[in-house]
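Some questions about how terms are applied to the structure below, each with the definition it rests on.

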Amino acid sequence: MSKILLDVLNGNPVSPPPVWLMRQAGRYLSEYREVRATAKDFIDFCLSPDKATEVTLQPIRRFGFDAAILFADILLIPMALGRKVWFVAGEGPQLDPLSAADIENMEIGDVEGLLGPVGQTVKNLSVSLPDETALIGFAGAPWTVATYMIEGGGSKDRWNARRMYWENPEAMARLLDLLADATIRYLIMQAKAGAEVLKIFDSWAEGLPPPMFEDVVIRPTRRIVDGLRENGVNVPVIGFPKGAGPNYVTYARESGANALALDYGLNTQWALDALPKDMPLQGQLDPAVLRAGGSALDVEVDRIISAFRERPHIFNLGHGITPDVPVEHVERLVSRIRGGKR
Ligand code: CP3
């Protein structure tokens with residue numbers, strides 16, 4: 001049986017399009033919350049192959065999505081650079097804030113050892129997924145991970161990270177190189193373990209002046225893709241430069257990514273006109289529409305399907321699913337997309 005997600009990533013339009021959802025394993029599922037409750041903390045959860053395998057499979061069993069995304073987190077990589085990461089319930093991720101001086105002495109540790117359990121999860125998944133389901137591995141893009149490291153967690157405008165770029169460009173460049181090189185090793189491990197697609201999440205690619213976008217988004221992403229190819233990893237790479245706006249064009253041309261995930265705010269017609277016609281595009285339903293459900297959901301699903309009809313397209317959200325989404329809305333979404341087919 002062929003995997004239609006891979007067909008699309010090879011440049012062939014499929015109708016109805018394959019579908020999966022960003023953050024499809026998560027708190028909106030009661031069976032996820034049950035497994036989550038058995039883990040000591042979120043990091044331990046991500047590094048427990050049996051638990052991570054189980055929650056990756058849950059949305060596949062329930063909704064029959066065309067792809068599974070490895071359950072892990074983009075903030076595991078800072079651990080491989082010797083940084084502490086922890087999650088506080090209700091507050092999200094926390095890290096020890098990183099200064100320019102810290103970066104000078106920073107080294108890449110034992111990526112394959114520390115993050116080995118993630119490789120084991122990928123191995124488990126590659127033998128337990130249905131034949132028609134593609135397996136996606138992922139990592140955070142260096143800039144997005146760097147913002148969390150410098151800010152010590154999430155932040156409204158990434159002020160300290162943006163300041164560091166302008167005030168201490170060498171420290172920023174070194175941090176991004178270290179992150180890219182650790183990420184190359186991490187993604188090689190995932191591909192060797194059986195990941196058939198790799199996705200690079202640059203969730204904070206918005207609001208960057210052009211030279212900075214080149215330096216912090218394009219260059220490190222290109223370094224990762226080149227590093228993968230040099231090491232014989234030839235699986236398709238989906239890039240997600242969230243909020244990049246017109247910079248999506250630069251990203252499509254220069255980052256090395258094979259396919260683009262579009263965020264929900266990006267103008268659909270503009271994207272269709274401006275992006276290469278043969279480049280597979282993924283997206284771009286607003287997560288708030290999935291929360292709303294009902295006829296608003298139907299209308300938006302139809303609009304997106306029809307807009308991308310002629311193009312290689314993967315249906316997805318334009319950002320992660322929120323914990324308050326009723327599972328009935330996801331069922332409605334999937335059956336609307338498939339229109340009774342498959
Ligand atoms: O199902 C999947 O998509 C696979 C697993 C996955 C998670 N995080 C699990 C997770 C993936 C691909 C991610 C990526 C990720 N993590 C991103 C990039 C995508 C995006 O959303 O922009 C980012 C920025 C992170 C960092 C992160 N992890 C934050 C900011 C948070 C807290 C916010 C929140 O939703 O609570 C996390 C925690 C996290 N990662 C959860 C899950 C399911 C929720 C934590 C829990 O279950 O307690």
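Q: What is the bridge partner of Val85 in β3?
A: In this predicted model, Val85 is bridged to Leu95 of β3. Residues are numbered from 1 along each chain as its sequence is written, side-chain values use heavy atoms without hydrogens and water, local features need pLDDT of at least 70, and side-chain atom pairs count only at pLDDT 80 or more. Totals for chains, interfaces and linings use all residues.

Q: What makes β2 and β3 a pair of strands?
A: Strands are DSSP runs of E with at least two residues, and helices are runs of H or I with at least four, numbered from the N terminus. Two strands pair if DSSP finds at least two bridges between them. Four bridges join β2 (residues 85-88) to β3 (residues 92-95), so the two count as paired; they run antiparallel. The hairpin has three residues between the strands, and there Gly90 takes a positive phi near 85°.

Q: How many bridges pair β6 and β7, and in which sense?
A: There are two bridges, in the parallel sense. The definition asks for at least two, so β6 and β7 qualify. Ile238 has Ala259 of β7 as its bridge partner.

Q: Why are β1 and β9 said to stand at the edges?
A: The open sheet has seven strands in the order β1-β4-β5-β6-β7-β8-β9, with parallel pairing. β1 (67-69) and β9 (313-317) each have a single partner strand, so one side of each has no neighbour in the sheet. From one strand to the next, the twist averages 25°.

Q: How do you know that helix α11 packs on the sheet?
A: Contact means heavy atoms within 4.5 Å. Helix α11 (residues 169-193) touches β4 (134-140) and β5 (197-202). Its direction makes about 165° with that of β4, where axes are lines fitted to C-alpha atoms (for helices, over the stretch in contact) and angles run from 0 to 180 degrees between N-to-C directions. α12 also packs on the sheet, touching β5 and β6, and its direction makes about 165° with that of β5.

Q: Why is Thr56 called buried?
A: Buried means under 20% relative accessible area, exposed over 50%, and partly exposed in between (1.4 Å probe, protein chains only). Thr56 has 1%, so the term buried applies. This residue lies in helix α4 (residues 49-63). Leaving out residues up to four places away in sequence, Thr56 touches Ala68, Ile69, Leu70, Phe71 and Leu125.

Q: Which side-chain and backbone atoms come within polar contact of the ligand?
A: An oxygen atom of the ligand is 2.8 Å from a polar backbone atom of Arg23. A ligand oxygen is also 2.8 Å from a side-chain N or O atom of Arg36, and one is 2.6 Å from a polar side-chain atom of His319.

How values were computed:
Polar contact = N/O pair within 3.5 Å; in protein donor to acceptor, adjacent residues only side chain to side chain.
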